[in-house]
Amino acid sequence: MDLRICHAIAQRRLIEFRYNGVLRQVEPHLYGRTSKSGDVISGWLVDGGNVDGGNADAGYRSRWRTFVLDDLSDLKILGEHFAAPRDGFNPADPRFAMVYCRVDYSSESR
């Protein structure tokens, strides 16, 4: 578990990293472990990769992405903040066997 990611989520700060060699900026919403992929981040892709959703593999226009930590490098916590959880955020995402941390999605935080 990388505590930097939990700190970024708690502070609602963007993170930047290389994912499969491509620089990405992401609003991290959920960080944990899946039984299939190990440790992963579920987040909103702000910049980098294919933000327009035209990725043939994705098949949809959402900017929600899941990033496997083993494929991630050069992680940086940025100074920029995001306001509230994005539409479509699922704090109980069934893909996660264990959740390390998640964005506060209570009514007080909106």
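## Model and confidence

pLDDT is the predictor's confidence in each residue, on a scale from 0 to 100. The protein chain has a mean pLDDT of 86, and 85% of its residues reach 70 or more. This is a predicted model, in which local features need pLDDT of at least 70 and side-chain atom pairs count only at pLDDT 80 or more, while totals for chains, interfaces and linings use all residues. Residues are numbered from 1 along each chain as its sequence is written, and side-chain values use heavy atoms, with hydrogens and water left out.

Over residues 53-60, pLDDT stays under 50. For this stretch the model has five contacts (heavy atoms within 4.5 Å) beyond four places in sequence. Where pLDDT is low, the predicted coordinates should not be read in detail.

## Overall architecture

The protein chain contains one helix and six strands; helices (H or I, at least four residues) and strands (E, at least two) are DSSP runs, numbered from the N terminus. Their order along the sequence is α-β-β-β-β-β-β.

Of the 110 residues in the protein chain, 44% are buried. Buried means under 20% relative accessible area, exposed over 50%, and partly exposed in between, with a 1.4 Å probe and protein chains only. The protein chain exposes about 6200 Å², and carbon and sulfur atoms supply 46% of that area; accessible areas come from the Shrake-Rupley method with a 1.4 Å probe, and for residues only the protein chains shown count as cover. Among contacts with a separation of 6 or more, residues 24 or more positions apart account for 63%.

## Helix α1

The buried residues of α1 are Ile5, Cys6, Ala8 and Ile9. Seen down the axis of α1, these residues fall within an arc of 160°, so they line one face of the helix. The arc is that of the directions from the helix axis to the C-beta atoms.

The cover over the buried residues of α1 includes strands β1 (13-19), β2 (22-34), β3 (38-47), β5 (72-81) and β6. After α1 comes Arg12, with a positive phi near 50°.

## The disulfide

The structure holds one disulfide, defined as a pair of cysteine sulfur atoms within 2.5 Å. Cys6 and Cys101 form this link, with their sulfur atoms 2.2 Å apart. The pair joins distant parts of the chain, 95 residues apart: Cys6 belongs to helix α1 (residues 3-11) and Cys101 to strand β6 (residues 96-102).

The angle about the S-S bond is -90°, and the link of Cys6 and Cys101 is left-handed. Cys6 is buried, at a relative accessible area of 14%. Cys101 also counts as buried, at 13% relative accessibility.

## Strand pairing

Two strands pair if DSSP finds at least two bridges between them. β1 and β2 are antiparallel and pair over five bridges, with Leu23 in β2 as the bridge partner of Arg18. Their hairpin has two residues between the strands, and Asn20 there takes a positive phi near 50°. β2 also pairs with β3, in the antiparallel sense and over nine bridges. Three residues lie between β2 and β3 in their hairpin. Arg33 has Asp39 in β3 as its bridge partner, and Glu27 stands opposite Trp44 in β3.

β2 pairs with β6 as well, over five bridges in the antiparallel sense. β3 is mostly covered, with eight of its ten residues buried.

## The loop between β5 and β6

Pro91 lies in the loop between β5 and β6 and counts as buried, at 16% relative accessibility. Leaving aside neighbours within four places in sequence, Pro91 is in contact with Leu30, Arg102 and Tyr105. Pro91 and Arg102 are eleven residues apart in sequence, and their C-alpha atoms are 6.9 Å apart in space.
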